[in-house]
Amino acid sequence: MPLPIDYHTHPQAHSIKPYTAELLQPWANSARQSGLKEIAFTDHDRYLEGVDFSEIDKVREANPDLKILAGIELDNDPVTGRAGRMWVEKNWDKLDFVLGSVHYLPNDTEMFDQVTRKDEFAKRDLAADCAHYIQNVEGMIERGGIDALAHLDLIKIHGVWHPEGGLLPHFSALLNRIRREDLAIEISTAGWRKPVGQQYPHVDIIRAAQQLGIPFTLASDAHSHAQLAEEYGRLEELLRELGIREVASYEKHRCRTITLT
Ligand SMILES: [Zn+2]
Ligand SMILES: [Zn+2]
């Protein structure tokens with residue numbers, strides 16, 4: 001059976017495109033074709049103006065065989081982050097699922113995960129950047145209003161950081177915090193199409209999360225409906241190798257477990 005959920009998608013991609021049937025239906029079609037049972041629309045909160053809950057309801061009615069989650073990817077954008085959090089608070093009852101993510105390092109106006117910044121990152125003190133990154137993820141958890149964390153070790157994106165002892169020592173305390181706060185983390189195929197060439201998060205981090213009993217969602221971080229469930233065959237193999245037989249499913253922020261078949 002194909003993997004059943006893709007909980008990280010961007011129907012609006014990189015600009016405000018108001019939700020309509022024309023925008024959203026291709027995502028439902030593509031989900032069905034990929035064998036998905038559940039998808040979450042999680043556009044960036046900087047495009048929250050385009051999100052329309054009544055249009056999501058219409059797509060739900062038109063596609064009763066799919067579970068469609070209303071969601072958002074809330075990040076630490078220094079300009080829009082605050083408005084995003086207020087919007088999430090206001091619309092909490094209409095939202096099923098909120099992803100928290102960190103795309104900005106302190107005093108930086110540009111997202112650190114821009115592929116154009118690879119050469120710059122090759123010269124930076126990545127251990128210090130990672131510490132700042134993790135402080136920001138903790139700040140996100142502190143402020144609340146999220147259900148799961150997206151691409152947990154995104155700081156590795158440029159593939160230029162190879163810390164001795166791996167990434168896990170940098171993330172263990174954070175994982176404990178995630179467990180205490182009852183949050184999920186996603187296993188995302190998006191890293192396979194980035195310079196690092198590795199899923200998010202690293203297998204060491206996934207294994208540690210398994211030990212702690214942190215629930216997992218699955219994600220492609222698709223910015224086009226054609227990218228939905230991208231590399232899910234490879235993801236399925238990885239889950240099998242790791243012995244992950246369950247994933248988390250959400251509805252109005254309530255988490256339940258789906259067994260993979
Ligand atoms: Zn992101
Ligand atoms: Zn995303």
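What you have here is a predicted model, in which local features need pLDDT of at least 70, side-chain atom pairs count only at pLDDT 80 or more, and totals for chains, interfaces and linings use all residues. Residues are numbered from 1 along each chain as its sequence is written, while chains are lettered from A and ligands numbered from 1 in the order in which they are written. Helices (H or I, at least four residues) and strands (E, at least two) are DSSP runs, numbered from the N terminus.

**The sheet**

- Seven strands make an open sheet with parallel pairing, in the order S1-S2-S3-S4-S5-S6-S7. Two strands pair if DSSP finds at least two bridges between them.
- S1 and S7 are the edge strands, each pairing on one side only.
- Strand S1 (residues 5-9) is largely enclosed by the rest of the structure, because five of its five residues are buried. Buried here means that 20 or more other C-beta atoms lie within 10 Å of a residue's own; 12 or fewer makes a residue exposed, anything in between is partly exposed, and the C-beta atoms are placed from the backbone.
- Three bridges hold the parallel pairing of S1 with strand S2 (residues 38-41). Threonine 9 sits opposite phenylalanine 41 in S2.
- Over at the S6 and S7 pair, the parallel pairing runs over four bridges. Glutamate 186 has threonine 217 in S7 as its bridge partner.

**How the helices pack**

- Two packed helices are described by the angle between their axes and the distance between the axes. The axes are lines fitted to C-alpha atoms, for helices over the stretch in contact, and angles run from 0 to 180 degrees between N-to-C directions.
- Helix H1 (residues 21-33) packs against helix H2 (residues 53-62) at about 45°, with the axes 10 Å apart. H1 and H2 are therefore oblique to each other. On this scale, angles under 35 degrees are roughly parallel, over 145 roughly antiparallel, 65 to 115 roughly perpendicular, and the rest oblique.
- The crossing of H1 past H2 is right-handed. Right-handed means that the near helix is turned clockwise from the far one by less than a right angle, and left-handed means anticlockwise.
- On the H1 side, Ala21, Leu24, Gln25 and Ala28 meet Glu55, Lys58, Val59 and Ala62 of H2. Five residues of this contact are nonpolar, one is polar and two are charged. A contact needs C-beta atoms, placed from the backbone, within 7 Å. For the classes, Ala, Val, Leu, Ile, Met, Phe, Trp, Tyr, Cys and Pro count as nonpolar, Asp, Glu, Lys and Arg as charged, and the others, Gly among them, as polar.
- Helix H6 (residues 168-180) and helix H7 (residues 203-212) have axes that come within 10 Å and cross at roughly 30°. That makes H6 roughly parallel to H7.
- H6 and H7 also cross in the right-handed sense. H6 brings Leu168, Phe171, Ser172, Leu175, Asn176 and Arg179 to the contact, and H7 brings Asp204, Ile205, Ala208, Ala209 and Leu212. By class, that contact has seven nonpolar, two polar and two charged residues.

**The hairpin**

- Strand S8 (residues 246-251) and strand S9 (residues 254-259) pair in the antiparallel sense over six bridges. Glutamate 251 faces arginine 254 of S9.
- Two residues lie between the strands of this hairpin, where lysine 252 has a positive phi near 45°.

**Backbone spots to look at**

- Most residues other than glycine have a negative phi, and most peptide bonds are trans.
- Asparagine 107 has a positive phi near 60° and lies in the loop between strand S4 (97-100) and helix H4 (118-122). Asparagine 107 counts as exposed, because it has 7 C-beta neighbours inside 10 Å.
- Aspartate 221 also takes a positive phi, near 55°, in the loop between strand S7 (216-219) and helix H8 (232-242). With 25 other C-beta atoms within 10 Å, aspartate 221 is buried.
- Tyrosine 200 joins proline 201 through a cis peptide bond, with omega near -15°. Proline 201 is in the loop between strand S6 (184-188) and H7.

**A glycine in the S6 to H7 loop**

- Glycine 197 is in the loop between S6 and H7, and it counts as exposed, with 9 C-beta neighbours inside 10 Å.
- Leaving out residues up to four places away in sequence, glycine 197 touches Gly159 and Trp192. Glycine 159 is 38 residues away along the chain, yet the two C-alpha atoms are separated by 7.5 Å.

Technical notes: Two residues are in contact if their C-beta atoms, placed from the backbone, lie within 7 Å.
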